[in-house]
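Q: I have a structure open and would like to go through it bit by bit. Can we start with the strands and then move on to how the chains meet?

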Amino acid sequence: MGASEALTDPSSLYNVGNNDLSDTETVLNVRNALASVQNALLKALSGSVACIDVNHHRRILSGIFGMSLWDHKPHVMDSLMDLIISLAATSGKYLDNCLNMLIRHFVPPPWVIDRLWQGRVIEQKQHVLSRVHGALLKISLLVPLAPSRLLPMLAHQLPKINKKDQVVVIYVENLLKLENSSIGQVGGGMIFMMVMERLRDLDLEIDWDDILQDDSNRGMFDMELEDAMNEGDELPVGSLNQDTSGGKIESLDKLMVTCFDHLESCNLHGRLDQVFEKLFDSFENFILNTYKSKVSQFLMFYACSLDPENCGVKFGSKLLDIFLSSNKPRPTRQVSLSPLWMSAVAYLASYLARGKFLPISYVASMLKRLVDECADYCRICNDDIRPEAHQLFYSGCQAIMYVLCFRMRSILDVPRFRSELIPLESILMHKLNPLMVCLPSVVAEFLRQAKAGGLFVVSDSFIFEDLLESELSRAFGGCERLDTFFPFDPCLLKSSNSNISGNFIYWSMVRPTYDKDDDEEDDDDAEIIVNGDEESDEEDEGDLDYALNKMSITPKHSFKNNMERERLMKMPSMIRPSTSPESL
Amino acid sequence: MEGLKLTNAELLVYIHPSKSGNKLKAICRELSSLLFQYDEIFDGVLLAFDVTVKSKGAKILAGLNPYFGVKVEASLLLFNPKPNSLVEGKIVKISPETIHVIVLGFSAAVVTDIDIREEFKYRMRNGEDCFVSSSHKRHVLKVGTMLRLQVESFDEEVMHIAGSLLPANTGCVKWLEKQSEEALHMDRLVLICTLFFT
């Protein structure tokens, strides 16, 4: 029953009291009449926008801006949106109010959030958000400066980190949808900044150290956890206790997946390259100088995995450029004491080691540049013996060694790449003594593989006892402990990890140059065993003890059990940060 | 089109000491932050600028942050449509009550039905909204047409122009120019004829 009909033919209203209609039908008729009156009113207002006065009609305006699409049927939504678009475009006075009103819809009311699994609610969400986005686009077409006014409002209305609600996930979903639109051409960079900052903040809110140290039996993360994740099993419950984080882990996981989906759609539409620049800028601003984030950086990893030839290569090159530009004064937003390039080289090392999608030729070329840089440093360095004076050198050396722990076999298989590593021997033998200063666990594994692969042999004076880290590595690492910083260690969030694991090199997947399985001696493979057969037995024995000593990081482990022993011989895939004084 | 002016200005731009390595870049950045905003001192919206650094020396400000002031000479392109001036823009949307126009690609202008002269009637032609002149059938305003309108008011904060199509010299730019050309042509013809017959 249309409003106009009701007005022209009053008798139709009297039909409401007709005995022929049941009560329900009556109620329905009245409801429809009221709704259509409201609809007609909105339509009439749309046509008279020019006559609305901001002072005299304040009540009407506040009524309009207070309305919410979530409460109405689609045809009323349409009328309301037309009115809002007219208001925004017709007079500058209402533009900000209109934009704010539209952005408010990015946060659904509680009754929607509680019932997001219901089909009816999902449909309503689709109705509302498609109209809101449509309205924002139409307004930006009619008022070209609207996007620049919109962006600060988006930042302002971004929900605070809320323990219970998934509200921030829905808001970010909408932000990313805007990024995909014409508004994103203008404000995409700022949108990514907002999203990256929120990811980082949520990441930092979660006390990862507390959670990681929870499982005292395991002591450290190692291959079993990786294998579990590889097979898609549930994460060991003890290690990610949801109660302590208050649902934040779940929020972060969902946020990451939302971002991954967006990146994937960008890739499908061929705009990942363009988006990557903005993504890297926000990464550089928020993540690169934050050393405690455990998950947010995987956004970059995922983007690179989608497009290895372009984005994958660009990411590594940009990180390398930051490292190599350490000589020039670089205006950076420093929030920490350690220079940005130290973090960049740690990222580069972890990335080159873990990126399954990276061609070995690329890894080799990056390694070559790092080797050349370290070699240059050796030539021009001063005589200062303190490790902190040569951070550039030690971080470069450690990066090279870390990457080679993962890639040694593939690199040595190609003679050209192998020859590019020749300067490495003199670098590591330099008076600055990187083998003593860099992280002992990395050095030990590297030396073992170098020896087995025939890269070079060092004297046995580099046996480390029980050491994950040392005084010297702490010194070069600085108070942020960048010596134990491996940012792309396995992702701890279940859903996020399922997106990543296909492109991720776990330590268990690495084939080191020595034979991992000590029961079988592969005599034919000359690369693995350098010495003769008889000596190799003793070597293995010695190696076994040496390895056990090296790997026993927590004294709780018992070596009587064969399985334990085997497990411990493997290099820690994730090196836990020490419990020394926290960074600022 | 009125409302645009080119002025020369002598400015003193204060730069942070960290930017002393590339002064010109810093100056351009400072001035760029004023683009597409109304400035009271310039009396207009800054659309474009061109700078030359005048002096070699600069005065350092005393105080906590030792900013230094560099004298520059700039030519500025300013936009300030005064009331009753004429501006031109492209029509982006037509409805029975309003015509929405974009001027110079950044300023939104609106003409409401009360400011459209009686001559123009709203029609729906081939599914397209348009305004057609009742006295000149060829004079059509539709989406994509370049429109000349008179400025009623200008909201500096959002760069919003309230326009009017009441004056006779407003309407579709192409049509108006053609009219004035024909009128000129006619005048010339009449003159020649008069000369010929006298």
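Q: How many residues lie between β6(B) and β7(B) in their hairpin?
A: There are 3 residues between β6(B) and β7(B). Keep in mind that this is a predicted model.

Q: Which way do those two strands run, and how many bridges join β6(B) to β7(B)?
A: They run antiparallel, and 5 bridges join them. Strand β6 of chain B covers residues 86–94, and strand β7 of chain B covers residues 98–103.

Q: Which residue in β7(B) is the bridge partner of B:K90?
A: That is B:I102.

Q: What about β6(B) and β12(B), in which sense do they pair?
A: They pair in the antiparallel sense, over 5 bridges. Strand β12 of chain B is made of residues 146–155. One place to look is B:E88, which has B:R148 of β12(B) opposite.

Q: OK, on to β9(B) and β10(B). Over how many bridges do they pair?
A: Over 6 bridges, in the antiparallel sense. Residues 120–125 of chain B make up β9, while residues 128–133 make up β10. The two strands form a hairpin with 2 residues between them.

Q: What is the phi of B:N126 in that turn, positive or negative?
A: The phi of B:N126 is positive, about 55°.

Q: Where does B:F131 come in, and what is it a bridge partner of?
A: B:F131 is in β10(B), and its bridge partner is B:Y122. B:F131 also stands opposite B:L141, which is in β11(B).

Q: How many bridges join β10(B) to β11(B)?
A: The number is 3, and these strands run antiparallel. Strand β11 of chain B spans residues 140–142. β10(B) and β11(B) form a hairpin too, with 6 residues between them.

Q: New topic: the two chains. How many residues of chain A are in contact with chain B?
A: 16 residues of chain A are in contact with 16 residues of chain B.

Q: What area is buried between chain A and chain B?
A: About 1300 Å², and carbon and sulfur atoms give 66% of that.

Q: Why quote an area at all?
A: The accessible area lost when parts come together is often used to give the size of an interface.

Q: How many salt bridges are there across the interface of chain A and chain B?
A: The rule finds 1. B:E157 and A:R149 form a salt bridge, with their closest N and O atoms 3.0 Å apart. Between the chains there are also 2 residue pairs counted as in polar contact.

Q: Which elements give two or more residues to the side of chain A that touches chain B?
A: These are α5 (74–90), α6 (95–104) and α8 (119–142) of chain A. The most comes from α5(A), with 3 residues. By type, that side of chain A divides into 9 nonpolar, 4 polar and 3 charged residues.

Q: Back to A:R149. What does A:D96 form with it?
A: A salt bridge, with the closest N and O atoms 2.8 Å apart. A:D96 lies in helix α6 of chain A and A:R149 in helix α9 (residues 146–157) of chain A, so the pair ties together parts that are 53 residues apart in sequence.

Q: And how many salt bridges over all chains?
A: The count is 22.

Q: Last one: into which domains is chain A divided?
A: Domain 1 is 30–143, and domain 2 is 308–328 + 337–515. Taken over C-alpha atoms, the centres of domain 1 and domain 2 of chain A are separated by 56 Å.

Conventions:
Residues are numbered from 1 along each chain as its sequence is written. Chains are lettered from A and ligands numbered from 1 in the order in which they are written. This is a predicted model: local features need pLDDT of at least 70, side-chain atom pairs count only at pLDDT 80 or more; totals for chains, interfaces and linings use all residues. Side-chain values use heavy atoms; hydrogens and water are left out. Contact means heavy atoms within 4.5 Å. Buried area is the accessible area (1.4 Å probe) that two parts lose on being put together, summed over both. A salt bridge is a side-chain nitrogen of Lys or Arg within 4 Å of a carboxyl oxygen of Asp or Glu. A polar contact is a pair of N or O atoms within 3.5 Å; within protein, one must be able to donate a hydrogen and the other to accept it, and residues adjacent in sequence count only if both atoms are side-chain atoms. Helices (H or I, at least four residues) and strands (E, at least two) are DSSP runs, numbered from the N terminus. Ala, Val, Leu, Ile, Met, Phe, Trp, Tyr, Cys and Pro count as nonpolar, Asp, Glu, Lys and Arg as charged, and the others, Gly among them, as polar. Two strands pair if DSSP finds at least two bridges between them. Domain bounds come from an automatic or database domain assignment.
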